[in-house]
Structure formats: C-alpha cells, structure tokens
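User: I am new to reading structures. Please take a close look at one part of this one with me.

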Number of protein chains: 2
Amino acid sequence: MSGILLAHGSGGKLTHELISETILPTPGNPILSKLTDSAILPFEGGSIAFTTDSYVVKPIFFPGGDIGKLAVCGTVNDLSVCGAVPRYISCSLIIEEGFEMADLERVLRSMAEAAEEAGVEVVTGDTKVVERGGADGIFINTAGVGFVPEGVKLGLERIEPGDLILINGPIGEHGIAILSVREGMELEVGIESDCAPLNGLIKTLLDELGEAVKFMRDPTRGGVATTLKEMSEGTGLGVEVDETAIPVSEPVRAACEILGLDPLYVANEGKVIAVVDPKRADEAVELMRRHPLGREASIIGSFTEDHPGRVYLRTEIGSKRIIEMLVGEQLPRIC
Amino acid sequence: MSGILLAHGSGGKLTHELISETILPTPGNPILSKLTDSAILPFEGGSIAFTTDSYVVKPIFFPGGDIGKLAVCGTVNDLSVCGAVPRYISCSLIIEEGFEMADLERVLRSMAEAAEEAGVEVVTGDTKVVERGGADGIFINTAGVGFVPEGVKLGLERIEPGDLILINGPIGEHGIAILSVREGMELEVGIESDCAPLNGLIKTLLDELGEAVKFMRDPTRGGVATTLKEMSEGTGLGVEVDETAIPVSEPVRAACEILGLDPLYVANEGKVIAVVDPKRADEAVELMRRHPLGREASIIGSFTEDHPGRVYLRTEIGSKRIIEMLVGEQLPRIC
C-alpha cells in the first residue's frame, strides 16, 4: 500500500496495522510498545520539565534534515535550554489522506535516529488522518519530559548587568536552507539546516560552569534578534550586541543579501543563546568550541543598566541600531 | 482584528501579542505565564504518566462541546484510565490563516473551563499558523502529565478469567452528536456529545476499590467494540458481552438505525470501560451510579478462558456474534 487512507485514522483495524507495522518498529522501545493510553515513566529526581511544539515545516524534506528530525531536536532543545536532561518525547501525527507511506517511513526513521542521537525515547503517540485538502502532507507534534537536576537554576531573574551573551555558532542556517528549497535554489545556495540536538553541549556547560550559566534560549522562529529582545524585555535590562561578533557564514550572508533578509531574524534550529557570568565567559566559549556543535562559539554582547528593555546593535560601520522583534511574517512554516 | 494572519505564527511581534492578549489571559496560571521554553513542574510522588493526542474534529463546535473541551477531556481521560491523577497539560495550536479570532477565543475559553472542571493546569504551549488551505480551521494537540500514586497498578496482565467488564453509561453519544451536525440533523436527533473529564469518577473507583480495579480504557475512536477486541487480544483471554446489558439511549439507537451504524463502533468521549474483580463489581457499579457521570453504569460482560483473543456478543435474540475491530473508516475526524 503506498498512500495513507482515511481508515488509517479510524482507531480500528488499519490504525492498528499502521501502528504495529510502520510506526512501532521504527523508534521501538518497551514503554511505547505497551500501547497504553499514557506512558508510565520513572521519576529521576529534581523537577520535571515539560514542553510541546507542533511542526508544520514546508517542505518536509530539506538540506540537513526533515520534519521528523526537526520535531525531535526542537523539543529536546526546548527542554535543554531550561536546564533539563531530556528523557521522553511523544509523537503525534496529523497526516493528510494520500500521503506517501514511503515518506512516512522516512520521517519516522529520521525521528528514531534523532532520538537515538539525543538519548531520548519516544514513549507515547497518536495518529490522526484527515481527508485530502484537510492538511498539507504531515504535521508532527512532539511533547517532551525531562528532569532538571537539583541545583540547576536558570531564569531571566538571575541575569545581572555585565553578564555576557554567548552563541554556539553561525546563525540563519535553518531558515535559509528551507527558503533555498522553496525558491528552487538549494544547489546554488548549498546551505544545510543547523537542526541538531543541543542537550550534549548544554550538559557540558552546566556540568562545568554550574551557576555561572544564568539563562539559555534557542533562537528559533524570529531569530536571534527576537530572542535578544525577549531577554531584554524580560529582565528589564538593556542589551548591547556587536554585529561583527555574531557568526554568520559567507553563504548565509550572500543568500540573505539576494533574498533581502536580515540574518538576525532568520530561524535557527541548532543554536543556543546562553547568558553567562562574565568571570566564566571565556571558559564557556572554550567549552562550546571543544564540542562539535559549538566550534564557532563566540561572545556576542552583554547586559547593561542603560536603555532598559532595549536592544542596541553596534553595526560593522560603528553606528548603533535598535533591534525590535520580528514584525510580520518573514518565512511562514519554517518549523 | 477578526482573522488570524500568517504573521501570528512568525515568532515575532504578532505572535507575542496573540499569546499575551488572547491565549494567556484565558487559561492563566503562574507556570504558563512565565513563557519559558519548558514548564518546570514539581514532582508529586509515584510514577509519572505522560500522554498526547491531536484533535482534528469536524465541525469544531458540536452539541455538548467543541474541539477545545474535547482536547482537554481526551488527554485527562487518557491519563486517568492509566490510574494517574492528571495535573498538567500542554496546548499546541495549528491554525489556518483567516480563522476567526472570535472562534479561537471561544475554543480557548472552553479549554480553560474544561481544565478547571478537571483540576488540571495548562502549563506550556505552542502556536503555529499555516496559510489558507494548509489546514482546516484549527487542530489542537494536548499532551498531559499526571502522577500514578504508589500502589496503583493497572494493566492487561492483571486481568483473569471471571473478571467483569463495566461501563459508566450509554454509548455512542459523541459520534452521533458529531455526525448529526455534519448531516444537518442535529435538531431532530437532539443528541449531545458525552465529552467529559472522567478523572473524578475514576479516582473514586480507585480510592474505594484499590487493586480490585485491574484495567481501564476509554472507548473513543473505534468504539466499545474495538476496545473489547484490544483487551481480548492483549490478555489472550476471551471476552463475552451481553448486548442487552450495554446501555444505549433511545435517540442514539434510532439515529444509528437511520444512519446504518452499529453503536458498538461509534466513538465515546466520556466513557470508561473498567475491568473489575467479580467480588467487588456490584460495589463498583454502585460507586459509578452515585457519580453524575456514571448514573447508567452497568456490567456488560466478562473475561473467559474460552475462545482466547475473541469477543463474543450475546445478541438480544439470544444468538452469538463475533466482534472484530472497526474495519475501514466509519466517521473520519470524530476527535
């Protein structure tokens, strides 16, 4: 059978076959395969972190990843930036009738690979099918559960003037990778999404630097600019960032120029912005750079008592620019 | 502004406005309003139950409920039937561009009311917007976290021959309510969905009967028939049910006859099938009947060593019929 039928979402015989033959064998673990209404998880100490995201990215396959990898990495990263060790995720599929079974299998394999890389287990799930035209191919929701170890405390309220702002590498790659496919220029542009699970890199930072790490967020939709503005508004402090310090690869810079985009607003899926005590910031950069996902880590700015709630960018030519949140929709269905 | 714009899903300014002005004020609690990437939850003891479901019901408003109420009750019930006390849920929205803001507000209010009734908090969420035609109105995913108290142990492996099968009331109301709207005959049919949070009723059963309750499942998609077949296959035991003992209201029976449906296969959203030690089964029925959601509770069948993996229905006229899982799709987008 090559296409998804409405009956695959009936809850009856075909749903059972789809689950047992296509969905279960892919991620495969003892908790999921019980097929109870909820997964029952052992508590591992600390507090529980809980998050969710729906993924509607278009196209579903893109350079550097696909909707399945994205759905795992995005939820792993949302747990990780809160200081949690990600452990369990759910997978809920909304599939359009007629969607290719081979594509579903490819997406599920990709989820399983990303889950293995991140060390998380898919323990519960759901499958709905809507009629042709009722959805666009496939949408995936993942929710995640992790545990925040005792002693880990991250929060905007911990940020003080003088704290430094770090990023683990070059920005804008996910958004440009998606857009290059939509514009039919992925070969010329040659940019892969940075989509990756950040829990390993973040664990190293927290293990080594402890309380010196004050806050983290992953700059996805809305890009680095929107995350900086959120942090500035959330702390009531000013933020100053240095344009020349923000890593942007040459191909991304070139593509942004052609497309009329500002890389500061383009989505990332494998980047974390970390706020670190200035005394430990160089050490943090070193730790990041030793990790495969942080080779181009750098300090991009700092918090200040000046201009509360505002983000100033020092541009390459030395002038200052005020950074606001993304207004309007730059790239719909980027994640 | 009366319609959802693509920019409401951008992650930027309009997303922030939608969240702070429309989404946050509705459910409203201190954990959600922190807007961190994950919610941080205190552990309450026992094991952690974790579940997810996406809701694609059409129409989104129907007699007895709407997609918002359904999304809360469905996830609350999936946690409850596993013996968990539901505590936290997530809410992830996929909205079609142009969807009416007033409808979104109505759905969110309905989620908040259902959450309050069930005693759960919406602690984390996500909002995506897809272009016109990319989805059908609104899809809602909820995931849920609850805690299974020490000592509560439910599982198919606990079921023995002779155990009795109970249901808390009449079947088929949700499916017929949805279908009556689709067919433009909701006024003639006059049936409301049974959509309701079952955690209160289930807690009473578990508190009073303890280990005498062996297993529970909510017969949603695929109906009571599919759930019975799942239990029979899962235990390797036979199931015998008595058609005359299964509560079906007169209006549902009449509507099923007109529509050519078997109520055993029609979806429920406020029903639980409980497997109980025969020595405590009458007590279980009494407990259910004292609860507003269990007034018509009854014993509908039992497990037997005969015909392993098969479900036999004794019909009204005394003959026996084999019950299989739902084959094909009876009612797409029922939940």
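How are H2(A) and H3(A) oriented to each other: roughly parallel or roughly antiparallel?

Analyst: This is a predicted model. Start with the two axes. Those of H2(A) and H3(A) cross at roughly 30 degrees. Angles under 35 degrees count as roughly parallel. H2(A) and H3(A) are therefore roughly parallel to each other. Their axes come within 7 Å. The crossing of this pair, H2(A) and H3(A), is right-handed.

Now look at the residues between them. On the H2(A) side, the residues that meet H3(A) are A:Ile67, A:Gly68, A:Lys69, A:Ala71, A:Val72, A:Cys73 and A:Val76. On the H3(A) side, they meet A:Val107, A:Ser110, A:Met111, A:Ala114, A:Ala115 and A:Ala118.

Helix H6(A) spans residues 199–209. Its buried residues pack against H2(A), residues 67–80, and against H3(A), residues 101–118. The buried residues of H6(A) also pack against strand S5 (85–96), strand S9 (213–217) and helix H9 (281–289) of chain A.

Which residues of H6(A) are buried? They are A:Asn199, A:Leu201, A:Ile202, A:Leu205, A:Leu206 and A:Leu209. These residues cover an arc of only 160 degrees around the axis, which puts them on the same side of H6(A). Follow the chain just past H6(A), and you reach A:Gly210. A:Gly210 takes a positive phi of about 50 degrees.

Stay in chain A and move on to a loop. A:Arg310 lies between strand S12 (298–304) and strand S13 (311–314). A:Val239 shows how the chain folds back in space: A:Arg310 and A:Val239 are 71 residues apart in sequence, but 6.3 Å apart from C-alpha to C-alpha.

Finally, look at a sheet with strands from both chains. This open sheet has five strands, in the order S1(A)-S2(B)-S7(B)-S5(B)-S6(B), with mixed pairing. S1(A) and S6(B) stand at the edges with a single partner strand each, so one side of each is left without a neighbour in the sheet. From one strand to the next, the twist averages 20 degrees. Within the sheet, S5(B) and S7(B) pair in the antiparallel sense over eight bridges. In this pair of strands, B:Ile95 stands opposite B:Ile138.

Terms used
Residues numbered from 1 in each chain as written. Chains lettered and ligands numbered in written order. Predicted model: local features only at pLDDT ≥ 70, side-chain atom pairs only at ≥ 80, totals over all residues. Heavy atoms only, no water. Pairing = 2+ DSSP bridges. Helix = DSSP H or I, 4+ residues; strand = E, 2+ residues; numbered from the N terminus. Axes fitted to C-alpha atoms, helices over the stretch in contact; angles between N-to-C directions. Buried < 20%, exposed > 50% of the residue type's maximum accessible area, 1.4 Å probe, protein only. Arc of directions from axis to C-beta. Contact = heavy atoms within 4.5 Å. Parallel < 35°, antiparallel > 145°, perpendicular 65-115°, else oblique. Left-handed = near helix turned anticlockwise from the far one by under 90°.
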